[in-house]
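This report considers helix packing and aromatic side chains in the structure shown below.

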Amino acid sequence: MDNYSEQIVTREAGGFIAVKKFAVIFLTVILAVALFLVFTIIGLLPIGLLLGGGCVYGGYFLFSSFDIEYEYIITNGELDVDKIIAKRSRKRLLTVKVTEFTDFGIITDEPDRGDRTIFMVTGSGESDYYADFKHAKHGDCRLIFSPNERTRETMEPYMRNINKNK
């Protein structure tokens, strides 16, 4: 029988993201109006409308790209982490077998260790957990993520031989 779970978490929009969104809106409006006015003054209204509209569309595209979600998919002990940008594109960030975790627990209980690659794919609403493992491509890694109870229960049978700090 297959063991499967999936969870989508939304990245928290911090203060810096809000500043970026404001800057995109501000610059889009300024550029669209400037393009429209310049091409209208020189007598090319249709080109001004086209370029202004293109600028607005580009600003919207850039603005919405700040909306990021992460999806955790567990299938028979294999954890896949995908990054979903504005619900229009998806990128696989990581695939790891849960049996390869060397340590797992709540992030406040984390032991301090040296150099490693960190994958921070946390969302809002759940506690943050960490999982340490060795990856063929990235070396020593730490995954910091926000699994809900169902996701943790799905991983549980595959994590019998590691230190778990729940």
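**Basis and terms**

Contact means heavy atoms within 4.5 Å. Helices (H or I, at least four residues) and strands (E, at least two) are DSSP runs, numbered from the N terminus. The model is predicted: local features need pLDDT of at least 70, side-chain atom pairs count only at pLDDT 80 or more, and totals for chains, interfaces and linings use all residues. Residues are numbered from 1 along each chain as its sequence is written, and side-chain values use heavy atoms, with hydrogens and water left out.

Helix α1 (residues 15–41) has 27 residues and spans 39 Å from first to last C-alpha. This is close to the 39 Å expected at 1.5 Å a residue, where the expectation is 1.5 Å times one less than the number of residues. Just after α1, Gly 43 adopts a positive phi of about 90 degrees.

The buried residues of α1 (under 20% relative accessible area, with exposed over 50% and partly exposed in between; 1.4 Å probe, protein chains only) are Ile 17, Lys 21, Val 24, Thr 28, Ala 32 and Phe 39. These buried residues pack against α2. Within α2 (residues 45–64) lies Val 56, which is in contact with Thr 28 and Ala 32 when neighbours within four places in sequence are set aside. Val 56 counts as partly exposed because its relative accessibility is 46%.

**Aromatic pairs**

Rings of Phe, Tyr and Trp (its six-membered ring) pair if their centres lie within 6.5 Å; planes under 30 degrees apart count as stacked, over 60 as edge-to-face and the rest as tilted. The whole structure holds seven aromatic pairs. One of them, Tyr 57 with Phe 61, is tilted, at 6.4 Å centre to centre and 35 degrees between the planes. Because they are four residues apart in helix α2, these two are separated by about one helical turn. Tyr 57 is exposed at 55%, and Phe 61 is partly exposed at 42%.

Tyr 72 and Phe 145 form an edge-to-face pair, with 5.5 Å between centres and 85 degrees between planes. The pair links distant parts of the chain, 73 residues apart: Tyr 72 in strand β2 (residues 68–75) and Phe 145 in strand β8 (residues 139–145). Tyr 72 is buried, at 0% relative accessibility, and Phe 145 is buried, at 0%.

**Charges over rings**

A charge sits over a ring if NZ of Lys or CZ of Arg is within 6 Å of the ring centre and within 35 degrees of the ring normal. The charged end of Lys 21 sits over the ring of Phe 63, 5.0 Å from its centre. Arg 88 lies over the face of Phe 61, 3.8 Å from the ring centre.
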